[in-house]
Amino acid sequence: MTAGQITAIQPVQEGQDQAGAGPFGPKPRRISAGRIGLYAFLVVAALFFLIPVYIMIVTSLKGMPEIRLGHLFNLPGEPTFQPWADAWLHACTGRDCNGLSPGFYNSVKITLPSVVISIICASVNGYALTFWPYRGANLLFGLLVFGAFVPYQVVIYPLIIGLSSVGLFASLPGIIIVHTIFGMPILTLLFRNFYAAIPVELFKAARVDGAGFWRIFFHIMLPMSVPITVVAVILQVTGIWNDFLFGIVFAGRPNWPMTVQLNNIVNTTTGVREYNVNMAATILTAAVPLIIYFVSGRWFVRGIAAGAVKG
Amino acid sequence: MAQNGTSVSIQDLSLSFGAISVLHTLNLDVAEGEFIVLLGPSGCGKSTLLNCIAGLLDISEGRIFIKGKNVTWEEPKDRGIGMVFQSYALYPQMTVERNLSFGLRVAGLPKEEIDKRIARAAEILQIEPLLQRKPSALSGGQRQRVAIGRALVRDVDVFLFDEPLSNLDAKLRAELRVEIKLLHRKLQNTMIYVTHDQIEAMTLADRIAVMKGGVIQQLDAPQTIYNRPVNRFVAGFLGSPAMNFIDGRLEKVGSDWQFAFEDVRIPLATYAFEKEPTPGPAVFGMRPEHVAFNSGAGWPFTTTANVEVVEPMGSDTLVWLKLGKQNFTVRVTSERTPNNADTVSIGFDPMRASLFDAQTGNRL
């Protein structure tokens with residue numbers, strides 16, 4: 001190579017001169033058999049779990065004559081949204097034929113206050129347990145954690161007796177109280193562990209600055225708690241929305257949540273079994289938790305990454 | 001109770017967590033405007049003591065006075081203290097300005113007063129351009145400056161520092177150390193400063209309290225602590241490289257004392273004993289920089305030793321010697337660096353030595 005032949009390739013050749021045939025530069029990406037196997041498994045698994053969703057969606061868009069043909073996997077020949085409208089407005093639950101919509105509003109009326117109240121209580125609990133340890137605080141925390149392992153069925157009967165003795169059985173406040181109580185162990189654990197990871201010096205600095213219990217909570221701890229609160233909201237909304245047992249026992253007939261209504265629609269035995277309506281109703285009921293997951297997924301990551309105390 | 005001119009007075013303070021006793025009947029008087037450093041290894045109770053003074057820990061026994069007022073049971077905010085923490089402890093969701101003003105807003109001060117104090121603190125600490133930033137957008141040194149500012153705006157009598165520089169890198173630490181010293185000169189406040197860094201202690205303190213096991217071992221001016229440590233722990237804790245310790249015996253020869261180990265005899269005619277000693281086992285301590293090197297005669301004690309290792313450190317060089325079978329380090333200027341395995345002559349004046357009882361470790 002003469003001096004006049006300087007090209008873009010030259011640095012590479014120089015590198016080879018210096019280091020012989022040894023490797024240099026970025027490591028090349030290799031696709032190994034293990035990787036291919038891994039991705040193949042993941043794709044197959046994802047498809048396997050998507051099959052029921054696919055069948056539900058296509059069935060809900062078919063008319064009954066088409067369903068009777070029995071081609072489960074076929075796309076709908078004449079797509080119709082009538083089953084969705086029926087599911088929402090006209091499907092029969094026992095004698096009433098108002099569809100799922102009353103159940104939806106009931107579920108909202110149960111879920112919203114339950115989520116808000118349980119998260120407020122749990123965050124105060126976690127904050128107090130972490131930063132204001134009082135006599136017996138550890139015992140109380142131990143009992144709360146123990147409570148997370150108590151099977152629900154065990155406490156249903158005592159709860160019925162207790163709530164009916166104060167006149168709250170089979171009422172909206174009753175079911176809200178039940179959800180709040182059962183959310184307490186896991187949520188308190190969640191908030192306590194989150195606050196335990198905050199440097200105690202932050203709390204001490206606020207004390208030196210003269211802030212008291214509530215001021216430290218509202219001005220310093222709560223603004224830092226957004227990530228864990230989002231996690232708690234996701235847990236509670238999905239948990240309470242999906243609940244069937246407490247709803248049917250404690251809510252009372254006028255307040256039955258969507259899950260109970262769905263069960264009644266699907267299990268109604270008079271007349272023809274409308275698979276398309278059932279499918280649409282099921283998707284509608286599952287839509288709220290699904291949306292929550294899709295919308296809040298990135299918040300999980302952000303919640304873990306957030307933290308501006310040290311750096 | 002407290003005398004005039006006493007800023008912080010701690011009387012018979014004890015603290016125990018259950019069965020574990022952390023501080024034992026501790027007494028400490030801090031003069032007005034004094035810079036006291038609590039120095040000790042981790043777990044010695046120095047941060048605990050600071051938290052007690054701040055009112056962040058409830059004490060088991062004793063009393064605490066600040067400015068002559070018994071604050072033993074007072075809330076932290078009512079004690080007239082400001083505190084700076086190792087992890088800065090800035091409120092992450094607030095801007096620097098809100099961080100500084102938080103305590104003042106809690107106290108319900110009028111807006112003009114708050115603005116005035118923030119402006120003053122920001123000027124002193126040169127953080128005016130940072131006021132609208134969040135702590136996450138600040139560097140470590142800036143954060144610690146804001147943390148100091150938060151104590152500054154409170155307009156308090158006593159500043160408490162809990163290892164404020166430990167999270168910073170070496171260069172920033174040196175810079176901020178000087179700034180804290182300047183700040184103290186400017187404000188003339190009482191400052192109580194906890195650290196495990198002996199250089200911070202030596203450079204900043206008017207007096208150092210060396211602590212171990214919840215007990216103050218020695219409370220004195222830095223030079224006194226350095227030159228006349230009261231016991232072997234204090235002697236070994238201060239100084240880098242550490243003081244040389246040689247185990248041997250104290251003997252009386254005629255009317256003079258000498259220190260004997262192996263076949264070496266060190267005359268102690270120039271050493272100032274605390275009280276009349278008795279013959280027996282003792283420990284001889286000598287700081288590496290108090291040993292003269294290859295300088296010929298003229299010293300009360302001279303000997304030769306073999307060079308084991310030479311550690312050049314730039315400004316000076318550390319030479320590891322074998323004195324008989326004992327390790328002995330000497331600090332020399334870089335120009336006089338010997339080679340490995342040389343035999344060199346060293347000399348020192350026992351006046352600069354420290355002798356300790358072999359059993360109790362107390363200074364003789």
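Modeller: Two strands pair if DSSP finds at least two bridges between them. Strands (E, at least two residues) and helices (H or I, at least four) are DSSP runs, numbered from the N terminus.

Biologist: What kind of model is this?

Modeller: This is a predicted model, in which local features need pLDDT of at least 70 and side-chain atom pairs count only at pLDDT 80 or more, while totals for chains, interfaces and linings use all residues. Residues are numbered from 1 along each chain as its sequence is written, and chains are lettered from A and ligands numbered from 1 in the order in which they are written.

Biologist: Start with chain A. How many helices and strands are there?

Modeller: Chain A has 14 helices and zero strands. Of its 311 residues, 31% are buried, where buried means that 20 or more other C-beta atoms lie within 10 Å of the residue's own, exposed means 12 or fewer, and partly exposed is in between, with C-beta atoms placed from the backbone.

Biologist: What share of contacts in chain A join residues at least 24 apart?

Modeller: The share is 75%, counted among contacts between residues at least 6 apart in sequence. Two residues are in contact if their C-beta atoms, placed from the backbone, lie within 7 Å.

Biologist: Which domains is chain A divided into?

Modeller: Domain 1 covers 33-80 and domain 2 covers 101-305; the bounds come from an automatic or database domain assignment. Their C-alpha centres lie 33 Å apart. Seven residues from domain 1 of chain A and seven residues from domain 2 of chain A make the contact.

Biologist: Which helices supply the domain 1 side?

Modeller: Helix H2 (33-60) and helix H3 (64-68) of chain A each supply at least two residues of the side of domain 1 that touches domain 2. H2(A) has the largest share, three residues. That side divides into three nonpolar, three polar and one charged. Nonpolar covers Ala, Val, Leu, Ile, Met, Phe, Trp, Tyr, Cys and Pro, charged covers Asp, Glu, Lys and Arg, and the others, Gly among them, are polar.

Biologist: Now the other contact. How many residues come from chain A and how many from chain B?

Modeller: Chain A gives 18 residues and chain B gives 20 residues. On the chain A side, helix H9 (200-208) and helix H10 (213-224) each supply at least two residues. H9(A) gives the most to that side, with six residues. The chain A side holds ten nonpolar, two polar and six charged residues.

Biologist: Where is the kink in H8(A)?

Modeller: The kink, about 45°, lies at A:Met184, shortly before the proline A:Pro185. The bend at a residue is the angle between axes fitted to the seven residues ending there and the seven starting there. Helix H8 of chain A (residues 172-196) has 25 residues and reaches 35 Å from its first C-alpha to its last, close to the 36 Å expected. The expected span is 1.5 Å times one less than the number of residues.

Biologist: On to chain B. What order do the strands of the open sheet of four have?

Modeller: The order is E2-E1-E4-E5, with antiparallel pairing. Strand E2 (20-31) and strand E5 (69-70) of chain B stand at the edges, each with a single partner strand, so one side of each is left without a neighbour in the sheet. Eight bridges join strand E1 (residues 6-17) of chain B to E2(B). One pair is B:Leu13 with its bridge partner B:Leu26 in E2(B).

Biologist: How many bridges join E6 of chain B to E7(B)?

Modeller: Four bridges join strand E6 (residues 81-84) to E7(B), and the two run parallel. B:Gly82 has B:Phe159 as its bridge partner in E7(B). Five bridges join E7(B) to strand E8 (residues 190-195) of chain B, also parallel. There, B:Phe161 stands opposite B:Tyr193 in E8(B).

Biologist: How many residues of E7 are buried?

Modeller: Five of the five residues of strand E7 (residues 158-162) of chain B are buried. B:Val158, B:Leu160 and B:Asp162 point one way, and B:Phe159 and B:Phe161 the other way.

Biologist: What about the loops? Which peptide bond is cis?

Modeller: The bond from B:Ser240 to B:Pro241 is cis, with omega near 0°. B:Pro241 is in the loop between helix H8 (232-237) and strand E11 (244-253) of chain B.

Biologist: And B:Glu262, buried or exposed?

Modeller: B:Glu262 is exposed, with 11 other C-beta atoms within 10 Å. Its phi is near 45°, a positive value in a residue other than glycine. B:Lys67 also has a positive phi, about 55°, although it is not a glycine. B:Lys67 is partly exposed, with 16 other C-beta atoms within 10 Å.
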